[in-house]
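Subject: The structure I promised you

Hi,

Have a look first, then go through my notes below.

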Amino acid sequence: MSTSRQTAHQIISDRAKSITPSYTVKISTIARALQREGNDVIDLGIGEPDIPAPDAIKQAVANYATAGHKIYSDICGTPELLQAVIATMARDYDADYTISQVMGFDGGKVALDRVIETIINPGDEVILSLPAWVSYEPQIAMAGGIVKTIKTTIENRFKIQPQQLQNIISDRTKAIILCPLNNPTSTAYTADELAALGEVLKKHPDIWIISDDLYQHLHFKNNFPNILTVCPYLKSRTIIINGTTKSHSWRFGFLATECEEIISSMAKIQSHRSGHPNLETQAGAIQALKMGPVLASAESFRVRHDMLLPLLQKVMGWKVIPGDGAFYFFVNVEESMQQLKIDNDIEYAMQLLQKANVATVPGSAFGYAGYLRLSFCQSRDRLMEAVERIHVFNNE
Ligand SMILES: Cc1ncc(COP(=O)(O)O)c(C=O)c1O
C-alpha cells in the first residue's frame, strides 16, 4: 500500500481550511473530556433540551421501525409529512401553502444550509444581526455570500433597530436572516418591532426574508410574534424555517415558501447531497407536528429561567437581562473580566470550565465578545450548584 507524502495542509481543501470550528462543539468536547477524567462538569454550554421526546413520538417511531418496509421517500418527504407541515403552517402561522411549497429536512440546520446554498450567489450580501447563532455565517460563506452584520445592543435587548436595517441595505443585498426568538440571547421581537422592520423591507422588494423560528414554541408567554402574521404583505418573499428539535426533542426541520422554484431547486441539490430525512425521523416528525406545541416544555424552562435570573444578577461583575423564551442567558461579563484580569471571553469560559467545572460558550462564538452564553437545560439542583460554583469563581 502506498502512503501519501502530502502534508495535512496539502490534503485539506482551501474551503475546509477557511471554516472556523464551532466553539459550542469545541467547549462541549473539552467538557466531555474533563468528565471522562472523572471531573464533575456541569454543562451549561449545549443547547439541547433535557426534556425527553413525548411518548407518542417514541411510539410512532417504534411502530414505523417495526412495521416499516420502505427505505426511500420523495426528497422533500412523504406526502403525509408534507401535509403535516402544511397543517402546521395553517395552525401556527395562519398561512396557506401547497405541497410543492414545503420541504422536510434532518434538522433546521440542514434547511438553512440548503436554502442559503440555493438562493445565494457569490458576492450576494446577506444581513445578519449580532450576536448570531454559530452556523449562519459559515453557511453564508460556504455559499460564497458576503455577511453584512448589524451589531445590536443589550440596551435594545439585542434587536435590530429599523434605522440600522435601512443603513445596511445595498444594491447587493439578497437576504436577511431573522431569528425572532433568538439563540444566543433568548430575547424575542414584539409584533410592533417586527412591523417596524417590515416597513423597511417593504421598500426593498428584492430582499428575501429567512425567518429561523426553531424556538417558536418555547416562548414563555406562548405568543411568539412572527413575520408572516405581522407582515402578510411580505409572504411572497418570506422563507420560514421551523422544526421540532427544540420544541419536541425530536430533531427535524422544515421550510415553507411560496416560491416553488426554491423548493424544486433545493430538492435537486438535496438529491445529490444527502437525500430526504430518513423515514423514522419523518414518522416522529409527523407525530410531533400533529400533536402541536408541548406547553409543559416552555413552562419548565420558564420556571428555571425565573429561578436563575435573580441569582445570576447577583454575580459580581455580571450583567444579565431576562429572556422571553428558549433556554439561554446571554451575560455581559466585561466587568468581571477586568476584576479577574482575564483578557477575553474565550479565556474566561475556559477558566470557568477548568477552575469551576462549569461549561459555557464564549460570546465570541456568536460574533459578540465580552459575553457568555449559559443554557439552562439541567435539573434545578444542578443549576443551583452551577450558580454556587460561579460565585466562588468570581470571588477568588
Ligand atoms: C437558532 C437555531 N437555528 C437552527 C438550529 C438548528 O436546529 P437543528 O438541531 O434542528 O438542526 C439551532 C440549533 O441549535 C438554533 O439554535
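The shell around the ligand splits into three nonpolar, seven polar and three charged residues. For these classes, Ala, Val, Leu, Ile, Met, Phe, Trp, Tyr, Cys and Pro count as nonpolar, Asp, Glu, Lys and Arg as charged, and the others, Gly among them, as polar. Of the 13 residues around the ligand, the ones that come nearest are Gly107, Gly108, Lys109, Asn183 and Thr245. (A residue is near a molecule or strand if its C-beta atom, placed from the backbone, lies within 6 Å of it.)

Before you go further, keep in mind that this is a predicted model: local features need pLDDT of at least 70, side-chain atom pairs count only at pLDDT 80 or more, and totals for chains, interfaces and linings use all residues. Residues are numbered from 1 along each chain as its sequence is written.

Asn183 also turns up in the backbone: a cis peptide bond joins asparagine 183 and proline 184, with omega about 25°. Proline 184 sits in the loop between β5 (173–178) and α9 (191–202). (Helices, H or I with at least four residues, and strands, E with at least two, are DSSP runs numbered from the N terminus.) Another cis peptide bond links leucine 130 to proline 131, and there omega is about 0°. You'll find proline 131 in the loop between β3 (125–130) and α7 (136–142).

Now the domains. The assignment, which is automatic or from a database, gives domain 1 (8–52 + 295–394) and domain 2 (55–291). Their centres, taken over C-alpha atoms, are 25 Å apart. Domain 1 puts 30 residues into the contact and domain 2 puts in 27; two residues are in contact if their C-beta atoms, placed from the backbone, lie within 7 Å. On the domain 1 side, α3 (23–36), α14 (295–313) and β9 (328–332) each give two or more residues, and α14 has the largest share, five residues. By class, that side has 16 nonpolar, nine polar and five charged residues.

Last, the helix pairs. Two packed helices are described by the angle between their axes and the distance between the axes. Axes are lines fitted to C-alpha atoms, for helices over the stretch in contact, and angles run from 0 to 180 degrees between N-to-C directions. Angles under 35 degrees count as roughly parallel, over 145 as roughly antiparallel, 65 to 115 as roughly perpendicular and the rest as oblique.

- How do α5 and α13 pack? Helix α5 (residues 79–93) and helix α13 (residues 279–291) have axes 9 Å apart, at an angle of about 25°, so α5 is roughly parallel to α13. Glu80, Leu81, Ala84, Val85 and Thr88 of α5 make the contact with Gln282, Ala285, Ile286, Leu289 and Lys290 of α13.
- Helix α6 (residues 108–119) packs with helix α12 (residues 260–273) at about 110°, their axes 9 Å apart, which makes α6 roughly perpendicular to α12. Their contact has five nonpolar, three polar and two charged residues.
- For helix α16 (residues 345–356) and helix α17 (residues 380–394), the axes come within 10 Å and cross at roughly 110°, so they are roughly perpendicular to each other. Leu352, Lys355 and Ala356 in α16 meet Arg389, Ile390, Val392 and Phe393 in α17.

Cheers
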